[in-house]
Amino acid sequence: MGSLDSDFSAGSFLSDKSGKVFVAGHLGLVGSAVHRRLASLGFTDIVVKSRAELDLTRQAAVEEFFSSEKPRYVIVAAAKVGGIHANSKYPADFIACNLQIQTNIIDAALKCGSVKKLLFLGSSCIYPKMAPQPIPESALLSGPLEPTNEWYAVAKIAGIKMCQAYRLQHGLDAISAMPTNLYGPRDNFHPENSHVLPALIRRFHEAKVNDAKEVVVWGTGSPLREFLHVDDLADAVVFLMDRYSGLEHVNVGSGSEVTIKELAELVKEVVGFQGELVWDKTKPDGTPRKLMDSSRLASMGWTPKIPLREGLIETYKWYVENVVKKQ
């Protein structure tokens with residue numbers, strides 16, 4: 001674990017709530033949660049820009065923004081994200097846009113001279129397809145990536161390495177956090193390219209509304225997965241901004257696993273679907289287990305606070321109020 005740098009005292013982020021914080025990607029799942037968390041903690045100078053106001057893929061625009069705004073803290077939650085289908089259809093977009101966004105922000109953060117600390121957010125997909133379970137930070141670059149999202153993963157790995165390189169060569173206090181599977185308000189509930197949890201919420205809700213007799217889910221339900229509420233991630237982001245200043249990236253997970261079967265049954269209960277849950281065992285299960293080793297973060301004193309059931313109830317409520325009612 002990286003030690004605290006001599007020029008960064010633990011606790012200085014939370015004691016500097018008037019310091020200007022730029023949250024890149026504030027309209028997304030992660031960025032919006034970070035924005036909410038900072039506001040609730042009393043940060044008074046949070047800077048956000050929509051894509052129309054600031055195109056993060058344009059270097060000149062990003063440099064001009066940093067030189068005029070001069071933020072003290074930067075949280076990089078902006079990224080081009082998507083499921084397997086989108087990654088396979090638009091590989092150039094996924095590698096180029098993500099490389100552009102993170103390169104422009106990290107480089108401008110150094111050049112503007114005002115940034116005291118930067119946190120770069122990645123994803124658990126940076127790890128090799130056959131990584132040991134639970135996945136430790138040391139598994140990075142120890143084997144081939146999952147081919148279906150390697151374009152995105154390579155860009156995110158480059159972001160981690162860029163933070164490390166700028167720390168080593170320029171002394172920029174840039175850290176990286178790698179969250180596990182996330183869920184919560186502002187998640188993507190698209191019928192074709194959403195992840196497993198929002199997809200289940202949508203399917204059970206539509207089945208309930210249409211008085212369907214059953215919902216069919218692929219596989220046996222036996223694979224184990226880990227989920228973290230995005231508000232817990234936002235809390236961890238603030239914790240790391242405040243307490244951590246090391247070279248190595250840090251995993252952010254819930255540390256608890258649930259089978260897809262248990263997850264589906266829990267979503268069914270939360271949504272209130274009265275029909276039958278049927279497993280199509282002719283369909284593939286996917287990876288048997290995917291769990292991050294978050295012991296490094298736990299050893300620093302951070303633990304998640306939102307139980308899965310409670311988080312699902314809140315997420316379903318958000319889905320009904322913000323997706324269903326606006327259709």
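Modeller: Two strands are said to pair if DSSP finds at least two bridges between them, and helices (H or I, at least four residues) and strands (E, at least two) are themselves DSSP runs, numbered from the N terminus. This is a predicted model, in which local features need pLDDT of at least 70 and side-chain atom pairs count only at pLDDT 80 or more, while totals for chains, interfaces and linings use all residues. Residues are numbered from 1 along each chain as its sequence is written, and side-chain values use heavy atoms, with hydrogens and water left out.

Biologist: In what order do the six strands of the open sheet stand, and is the pairing parallel or antiparallel?

Modeller: Strands of a sheet pair through backbone hydrogen bonds, in either a parallel or an antiparallel sense. Here the six strands of an open sheet follow the order β2-β1-β3-β4-β5-β9, with parallel pairing. The edges are held by β2 and β9 (250-252), each of which has a single partner strand, so one side of each lacks a neighbour in the sheet.

Biologist: Which strands pair with β4, and over how many bridges?

Modeller: Strand β3 (residues 73-76) is joined to β4 by four bridges and runs parallel to it, and Val76 has Phe120 in β4 as its bridge partner. Four bridges also link β4 with strand β5 (residues 174-179), again in the parallel sense, with Leu119 standing opposite Ile175 in β5. Between β4 and β5 the chain passes through helix α5 (residues 150-170), and this β-α-β crossover is right-handed; the term applies if, with the strands pointing away from the viewer, the path from the first strand over the helix to the second runs clockwise.

Biologist: Are the residues of β4 buried or exposed?

Modeller: Buried means under 20% relative accessible area and exposed over 50%, with partly exposed in between (1.4 Å probe, protein chains only). By that criterion five of the five residues of β4 (residues 117-121) are buried: Lys117, Leu119 and Leu121 point one way, while Leu118 and Phe120 point the other way.

Biologist: Which helices lie on this sheet, and at what angles do they run?

Modeller: Axes are lines fitted to C-alpha atoms, for helices over the stretch in contact, and angles run from 0 to 180 degrees between N-to-C directions; contact means heavy atoms within 4.5 Å. Helix α1 (residues 29-40) lies across β1, β2, β3 and β4, running at about 155° to β1. Helix α7 (residues 230-243) packs on the sheet as well, where it touches β3, β4, β5 and β9, and its direction makes about 145° with that of β4.

Biologist: How should I read the burial pattern of helix α2, and which residues are buried there?

Modeller: One looks down the helix axis and takes the arc of the directions from that axis to the C-beta atoms. In α2 (residues 59-69), Val62, Phe65 and Phe66 are buried, and these residues fall within an arc of 95°, so they line one face of the helix. The face turned away from that buried side carries the exposed residues Ala60, Glu64 and Ser68. The buried residues of α2 pack against β1 (21-24), β2 (46-47), β3 and α4 (91-112), and just after the helix Lys70 takes a positive phi of about 45°.

Biologist: What does Phe22 touch, not counting residues up to four places away in sequence?

Modeller: Phe22 is found in strand β1 and counts as buried, at 2% relative accessibility. Among the residues that Phe22 touches are Phe65, Phe66, Val47 and Tyr73. Asn104, which lies in helix α4, is likewise buried, with a relative accessible area of 10%, and beyond its neighbours within four places in sequence its contacts include Gln59 and Val62.

Biologist: Finally, what covers the buried residues of helix α6?

Modeller: The buried residues of α6 (residues 196-209) include Leu197, Leu200, Ile201 and Phe204. Among the elements that cover the buried residues of α6 are β7 (214-218), β8 (224-229) and β11 (276-280). Five bridges join β7 to β11, the two strands running parallel, and Trp218 stands opposite Asp280 in β11.

Terms used
The expected span of a helix is 1.5 Å times one less than its number of residues.
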